[in-house]
Amino acid sequence: MPPATPFHLPPLLRAFQQALEARDWRGLLWIDGPAEESRARGQALWQGSGWQEALWVAPQRPSMVPESQWIPAGKARTRLGGEQDLVVFDAVSAEAGFDPDAFGALSGTLRSGGLMVLMTPADWGARPDADYGRLAEHPWSAAELSCRYLARLAGLLAEAPDIARWGAGQSPAVPSFSAAARHDATPPPADTACLTRDQADAVARLVSLRRRRPLVITADRGRGKTAALGIACARLLERGVAEVLVTAPRAAAVAGLFERLAALCPQGERQGQQFTLGDGRVSFVAPDELQARVERGEAGGAGRWLLVDEAAAIPAGLLGDWLEVFPRIAFATTVHGYEGAGRGFALRFRERLDRQTPAWRECHLAAPVRWAPGDPLEALTARLLMLDAEPEDVRPGPLQWRRESRQALSRHEPRLRAIFGLLVQAHYRTTPADLRRLLDAPDSRVVSLSRDTTEPPGVAAVAITSDEGGFDAELAERVARGERRPRGHLLAQSLAAHAGEREALTARLRRIVRIAVADACRRQGLGGQLLDAEAREARDAGMDLLGASFGAEPGLLAFWQSRGFRVVRLGMTRETATGEHALMMVQPLSATGDALVSRLTRRFRRQLPGLLAFELAELEPQLVLALLAEESTEGQPAELSDEDRRDLEDVAHGQRDPSLVRPAMQALVASVAPTGQGDHELAILAAWAFQGRGDAWLARRLSLSGARQVAAWRRATLAAWLP
């Protein structure tokens, strides 16, 4: 990076920062202009105000910035849980760009009086920046993409009344705040470890959790939710609780928990994501590992505690399983913000809580801990990144299918918010960068079912699709051999690399990236209508396959099966963030697609028994049964042979060892699976026959007392399902 011309910090910016500090607020300074001049102004800020904790975000470290105070945007998550009073965000250098996820994450680390400095070109939004390289899927280059997202950001900043701006060749312009000084402080909480009364209330509720009375904690970003979990852990260890398990989509999400715990218990010992105090300990366990322990009977049980942070980002099925085995459990989640979509969590999980633990309780943290109410940076960041996007209430009425113009969406905030809010509510992985992908990803489409009106938008259902494949034969061969990995084409590349089907890359495939239905419109067939419409559109466009990839769950599998999709691949390991196996399904749209799906399903049917015996030995039994049911319906398997029937009758009505007739047991389960989907006991029998689940596991799942009762159950179940 070339040396920059020195700049002196104008007094007006000092006054702006002091005004923010007087109100316990944070603000944004937008510097736009030539790269060298913008960096020089950023350096003047860096050196001119005696910042206690400052951070420079750029691809390369400026010479005057210490190593410990510089990160590239891709490392932003490593600073979650920390605090800054200055963040300089370089989106002006040629090799830099605007990373929405990094900006969203780091804005929440600024404390009161802090300043976020965003440096951009003067014509920001006129062309894609360097960070668009992450969107440039084969064969596109970043320069060829649209930049609607950046143009939207530049337009919103230009209209924002509550930011400071320092343009090229100009003096700074700063907003004028009201004459009111620092907000009136509320009385401090009785618990001196807590910063707000909300936080103290959450801690008190956590440490007094009662059996089968789960607690749900919701909060916006910056409300001290994770710190409250850490304070509660300290109180529990001091009380003598032997073990508290903590889980979250990623370990970094609970870094603040362990920092607070270590500060309150200095006599304890921290090793990575585990903290020990005397005979008690607090341990982080990733969702996939926690679920595996639960299924093996190694987690949960009387007296056990589990704290789930960012629960919105974990599938409700896993949360429900943990709800059953942990007598004392709390779920905490961000309602609006970078980490997840708590509103969707509340809507989806409330019914299960009511059913399994009707005495559950909830509390909400409203008061911010790092800044005062009315903070302009919080409102601005939410507006820019749509962190607070929520679906609208859709009134009954006729709905029309429409392909959304992404150019029009970028200029119509209400409709864009309605669509993005619907996607946020329905999906557990939505991040700020997904809004950019929605507007600018190549070969993507946005379709909706909505009322025939524009005010309000009235969006009832939405789907995002992406076109894949169309590779030449040589590149497809190299991808299948693992020699090349072009960007994008997730489904097509996976089927080529893992299922060995080169034609999945040479064929043309349309993937359903996201599909969402408004909560008030569920169970009306709208998701199916969208899929059917997409199948027609894709067929007319010359596509060979329509496909999707999602976390394997019996209800979702049944939905896609009902629309004519077939399973062609199941991931062999659980995804760490979701605790689920990735499931890939496709529907043929052409003669080429028919032949390809036939080969893929045939290959999967051959692989499934072996996978269930080894790599998928801990797959959920109901999912096993659903997969076997699809396998059976495809090939119309032959009826049980006389030999199979005789073997099964010897077990059902005699004393023959069932392990010696396992092939006959497998044949029986596969033959009755299509009519037995959803049957709990048949699913357990499938787990024994195909996955080698032992009698001890069967006894736990069936609440039986021992081997004698298990044997009796197995005989009765066999007799019931024998034709």
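Two residues are in contact when they have heavy atoms within 4.5 Å of each other. Before we use that, some ground rules: this is a predicted model, where local features need pLDDT of at least 70, side-chain atom pairs count only at pLDDT 80 or more, and totals for chains, interfaces and linings use all residues. Residues are numbered from 1 along each chain as its sequence is written, and side-chain values use heavy atoms, with hydrogens and water left out.

Let's start with Thr226. Leaving aside residues up to four places away in sequence, Thr226 touches Ala253, Val254, Gly256, Leu257 and Asp309. You'll find Thr226 in helix H6, residues 225-239 (helices are DSSP runs of H or I with at least four residues, numbered from the N terminus).

Its side chain also makes polar contacts, meaning pairs of N or O atoms within 3.5 Å; within protein, one must be able to donate a hydrogen and the other to accept it, and residues adjacent in sequence count only if both atoms are side-chain atoms. Here they are:

| Side chain | Partner side chain | Distance |
|---|---|---|
| Thr226 | Lys225 | 3.4 Å |
| Thr226 | Asp309 | 2.7 Å |

Is Thr226 buried or exposed? Thr226 is buried, because its relative accessible area is 15%, and buried means under 20%, with exposed over 50% and partly exposed in between (1.4 Å probe, protein chains only).

Now for the cysteines. A disulfide (a pair of cysteine sulfur atoms within 2.5 Å) turns up 0 times in a search of the whole structure. Cys265 is in no disulfide, and the nearest cysteine sulfur, from Cys233, is 9.4 Å away. Cys265 counts as buried because its relative accessibility is 0%.

Methods. Helix = DSSP H or I, 4+ residues; strand = E, 2+ residues; numbered from the N terminus.
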